[in-house]
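This briefing covers one protein chain, beginning with a single side-chain contact and then widening to the chain as a whole.

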Amino acid sequence: MPERGTWWRGIFLALYLVFAILPIYWMVNMSFKTNAEIVSTLSLWPAAFTLEHYRTIVTDPSWYSGYINSMIYVALNTVISLTVALPAAYAFSRYQFIGDKHVFFWLLTNRMTPPAVFLLPFFQLYTTVGLMDTHLGVALAHLVFNVPLAVWILEGFMSGVPREIDETAYVDGYSFPRFFLTIFLPLIKAGVGVAAFFCFMFSWVELLLARTLTSVDAKPIVATMTRTVSASGMDWGVLAAAGVLTIVPGGIVIWFVRHYIAKGFAMGRV
């Protein structure tokens, strides 16, 4: 017979799963309802099933272009963040220099700073240099927050790799680029996966900078979702459908890096 504590843990886990999944289910449920049904009745499934809201998103350029814009600057940001963070994390994990701990802490303070603090400087700078309403502009703005996080995560994984591997490779005649790309990088691929995941997720869901630094050409989906009010009121169905489609990329990324995230938790860097 199961112990009483086991029963309580099972009940608590079941309640937690229901509590966590209910908002997602409700959003999916709303995305298949008509707006009249959404505002008039409360039901667990659609009385009149419709795909009209999804059809609106895939046929209206103001909607599907938002997804394309978001994917472009998120991919740019993730690649640039990892490119900058990898050598920086290697330096912190392998070398000691004056003020290294202070510089490392300063990087983390940038990650702790609210995005609103950097909003005005970015706006004025981008207006001057012509980066307003560009994918590269949003990607560069998100580096302020993603690079420190990526450096912190990668430094923990790199510190777990013995220094003897570096010395052995140099004795065998490896240049640093060849050693780093062919030997060292495969050893920390779990850390790269974790860092890429968090860079992707922050850049994907960030709203304030992405909305303020774009207007038309690079407007992301998160900004489009905040502008669903029309003369007839809020378009709840389209908003719910857009929310469902917004979750999909994150779910796909989590599926591919789930093992790396678990390893990151085990190493204490997530």
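In this predicted model, a polar atom of the Asn69 side chain lies 2.9 Å from the backbone oxygen of Lys219. Lys219 is also one of the residues in contact with Asn69 when neighbours within four places in sequence are left aside. The points below begin with Asn69 and then turn to the chain.

- Asn69 belongs to helix α4, which covers residues 61–94.
- Asn69 counts as buried because its relative accessibility is 7%, and the cut-off for buried is under 20%.
- Beyond four places in sequence, the contacts of Asn69 are His135, Val216, Asp217, Ala218, Lys219 and Pro220.
- Ile254 is 185 residues away from Asn69 along the chain, and the C-alpha atoms of the two are separated by 21 Å.

**Confidence**
- Mean pLDDT for the protein chain is 85, with 92% of the residues reaching 70 or more.
- Helix α4, the element that holds Asn69, has the highest mean pLDDT among the elements of the chain, at 92.
- The lowest mean pLDDT among the elements is 56, for strand β1 (residues 229–230).

**Fold and extent**
- The protein chain contains 13 helices and two strands.
- Along the principal axes, the C-alpha atoms fill a box of roughly 75 × 70 × 30 Å.
- Counting contacts between residues at least 6 apart in sequence, 72% join residues at least 24 apart.

- The protein chain has 270 residues, of which 40% count as buried.
- Its accessible surface is about 15400 Å², and carbon and sulfur atoms account for 73% of that area.

Key: Residues numbered from 1 in each chain as written. Predicted model: local features only at pLDDT ≥ 70, side-chain atom pairs only at ≥ 80, totals over all residues. Heavy atoms only, no water. Helix = DSSP H or I, 4+ residues; strand = E, 2+ residues; numbered from the N terminus. Buried < 20%, exposed > 50% of the residue type's maximum accessible area, 1.4 Å probe, protein only. Contact = heavy atoms within 4.5 Å. Areas by Shrake-Rupley, 256 points an atom, 1.4 Å probe, with all protein chains shown as cover. pLDDT = per-residue confidence, 0-100. Polar contact = N/O pair within 3.5 Å; in protein donor to acceptor, adjacent residues only side chain to side chain.
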